[in-house]
Amino acid sequence: MNSSVREFIKKEVPDWDDEVVATARFKALSGQRSDWESKLLFWKNLILKVARHLNVFVIRSSEVRNIWFNRKGLMPLCIDQVLLEMYSSGDILLKSDLMDPTAGRLSQMCKRMVNLIGISGPSSSEELIEEFLILSIPLQEKAAEVVKLLSESHWTYFCTVTMSELQSICYGSTEASTVLSYLSSTGKARYLSICKADFIEGVKVSLVKEAVPTISSLDYDVLQLIWTKEKLQQQLDVIDQRYEMSRKSALNFMKAGNKQVALRHARQLKLNSESREKCTSMLNRVEEVLTIITNAESTKKVVEAIQIGSRAMKESGISAEEVHVCLQELDDTVASQKEVEEALASAPIQCTDIDDEDLEKEFRMLEMELEDLTPQKDTAAPTQNDLLKKEESKISETKIADSGRTGDAVPRESAESLVSKLSNLQLEAA
């Protein structure tokens, strides 16, 4: 694990082996908070990244300091302070902070009150050294993953599993109890146990947004059946192993010519085969009963939904015929929509045989038509600028003609008249 963590850290932190940068990072947090806020954020994010890389959410501070971030025998002096700051901000939880799912309701309520008031909890980094630390964000992610995995194998709103199955999903008893504590605190799970000939522990988990309802007698019966199913499956696996061993032994001794020993293994093989048939029959029977119970629960949900719908129809004054007509119209609309989608999907594209040259030729023809239309528009409605340019050209011609005759300036009267004409044209154009 040490080499895996080291390689991961080097990948995440390119300057991890930089002596100057590492010396600054490994120092203790001192001075004002603004001075070491960035360093705290760095170590906090790195701890979370390494935890996700290892797929863990329960850690020890000594493991974090001595194994995760051990750099050539040097250990960061600020880790304990970082962990304490993470605990103060809620990023780290202690096992004592979590609710005990096996305790009674009164005890759970008292625990919640204590957590809200904030009475318990370590006040110094020394108290965190040997404690199991729980990373709250990875814990929430793991709990969501557990619910997702259970929802993939169960199609009901709620499911009941044994504690051993939960431990196999969480990869450990400590992790399973931690996830169970978190789910119980959020109302997504309830612990139940049966103490008869065997002590059976189980969990009822909500696979939807609703909270888990109160445990009923049916839940205990389902837990008993699930536990029996698991035991039968384990026994069946053992029988299969013995069957395979007896078969191989019988073949080996038969090849060696020892028929008497081979016959004894053949008898054992037959006994294992009979035991396997009995165990398989019992397992199928238990699975059949569980299926019947699951179907009954689903039927109950359907009946409740029908009752709610019937009550709503009575309150709204809607008859069953109107509902039937509405549903029929909805089915027809859906069928029509499907026909349109199928027609669009199966319709061939008609313009696939057009070449790019034809398109370019058509585009040039459109441009030529636009060029032909543009002059017509200009001649039909001359703009103000055109009129002004025309009058200015007349003025210039007049000036040239007058200067050619007399060699003097333009007469004052003719200039004033032209100016007035220009102003009139501007007013008319405006």
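## Basis and conventions

Two strands count as paired if DSSP finds at least two bridges between them. Helices (H or I, at least four residues) and strands (E, at least two) are DSSP runs, numbered from the N terminus. This is a predicted model, with residues numbered from 1 along each chain as its sequence is written. Local features need pLDDT of at least 70, side-chain atom pairs count only at pLDDT 80 or more, totals for chains, interfaces and linings use all residues, and side-chain values use heavy atoms, with hydrogens and water left out.

E2 and E3 pair in the antiparallel sense over three bridges. E1 and strand E3 (residues 132-135) are also antiparallel, over three bridges. Axes here are lines fitted to C-alpha atoms, for helices over the stretch in contact, and angles run from 0 to 180 degrees between N-to-C directions.

Which residue of E3 stands opposite Ile59? Leu133 does. Leu94 also stands opposite Leu133 in E3. Val58 stands opposite Ile134 in E3. In a regular strand, side chains alternate between the two faces of the sheet.

E1 and E3 pair over three bridges. Contact means heavy atoms within 4.5 Å.

Helix H3 (residues 33-54) and H5 pack at an angle of about 85 degrees, with axes 10 Å apart. H3 is therefore roughly perpendicular to H5. The angle classes are: under 35 degrees roughly parallel, over 145 roughly antiparallel, 65 to 115 roughly perpendicular, the rest oblique. From H3, the contact uses Arg33, Trp36, Leu40, Trp43, Lys44 and Ile47. From H5, Ile79, Val82, Leu83, Glu85 and Met86 meet them. The contact residues divide into eight nonpolar, no polar and three charged. Nonpolar means Ala, Val, Leu, Ile, Met, Phe, Trp, Tyr, Cys and Pro; charged means Asp, Glu, Lys and Arg; the others, Gly among them, are polar.

## Sheet E4-E6-E5

A further set of three strands forms an open, antiparallel sheet in the order E4-E6-E5. Strand E4 (158-162) and strand E5 (189-195) are the edge strands, each pairing on one side only. Neighbouring strands of this sheet are turned by 25 degrees against each other on average, direction ignored.

E4 pairs with strand E6 (residues 199-206) over five bridges, in the antiparallel sense. Val161 stands opposite Val203 in E6. Helix H8 (residues 163-170) lies across E4, E5 and E6, running at about 90 degrees to E4.

## Cavity

On a 1 Å grid over the protein atoms alone, a cavity is a set of points where a 1.4 Å probe fits but cannot get out; lining residues have an atom within 4 Å of a point. Grid points are joined across faces, edges and corners, and a volume is the space filled by probe spheres set on the points. The count is one cavity of 30 Å³ or more.

The largest cavity has a volume of about 40 Å³. Arg6, Ile9, Trp16, Trp68, Phe69, Asn70 and Arg71 line the largest cavity. By class, its lining has four nonpolar, one polar and two charged residues.

Note on methods: On a 1 Å grid over the protein atoms alone, a cavity is a set of points where a 1.4 Å probe fits but cannot get out, and a pocket is an open set with protein on both sides within 12 Å along at least five of seven lines; lining residues have an atom within 4 Å of a point.
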